[in-house]
Amino acid sequence: MAVRIRLARHGTTNRPFYRIVAADSSSPRDGRFIELLGTYDPLTEPEKVTLKPERIKYWLSVGAKASDTTNSIFKKYMSAE
């Protein structure tokens, strides 16, 4: 099972809200996931991000791959924590 750390879209039309999740790479974007790792709300000013850094580091250490978007979020916000 290949695990990816990616965004799962929630919210309504024109009001996206994302959950950062660890999920099997073959599962649907908004489908079943293994663990919730944080949230991302791009429409607030400034963007609201909550992360669980210890769990993100764990999943990366056991071989999970982060998507390009989540990787840029981690670089921007995990260095600040």
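Predicted model: local features only at pLDDT ≥ 70, side-chain atom pairs only at ≥ 80, totals over all residues.

Mentor: Happy to! Trp59 belongs to helix α1, residues 53-61, where the buried residues are Pro53, Ile56 and Trp59. Looking down the axis of α1, you would find these buried residues within an arc of 125°, so they line one face of the helix. Glu54, Lys57 and Ser61, on the other side of α1, are exposed.

What lies over the buried residues? Their cover includes the strands β1, β2, β3 (35-41) and β4 (48-51), along with α2 (68-77). Two of these covering elements, β1 (residues 3-12) and β2 (residues 15-24), run antiparallel and are joined by 10 bridges. They form a hairpin with 2 residues between them, and Asn14 in the turn has a positive phi of about 65°. Within this pairing, Arg4 sits opposite Ala23 of β2. β1 also pairs with β5 (residues 65-66), this time in the parallel sense, over 2 bridges; there, Ile5 has Ala66 as its bridge partner.

Now back to the helix and its aromatic rings. The model has 2 aromatic pairs by the rule used here. In one of them, the ring centres of Tyr58 and Trp59 are 5.4 Å apart and the planes stand at 70°, an angle over 60, so the pair is edge-to-face. Finally, after α1 comes Gly63, which has a positive phi, near 105°.

Key: Residues numbered from 1 in each chain as written. Heavy atoms only, no water. Pairing = 2+ DSSP bridges. Helix = DSSP H or I, 4+ residues; strand = E, 2+ residues; numbered from the N terminus. Phe/Tyr/Trp six-rings, centres within 6.5 Å; stacked < 30°, edge-to-face > 60°. Buried < 20%, exposed > 50% of the residue type's maximum accessible area, 1.4 Å probe, protein only. Arc of directions from axis to C-beta. Contact = heavy atoms within 4.5 Å.
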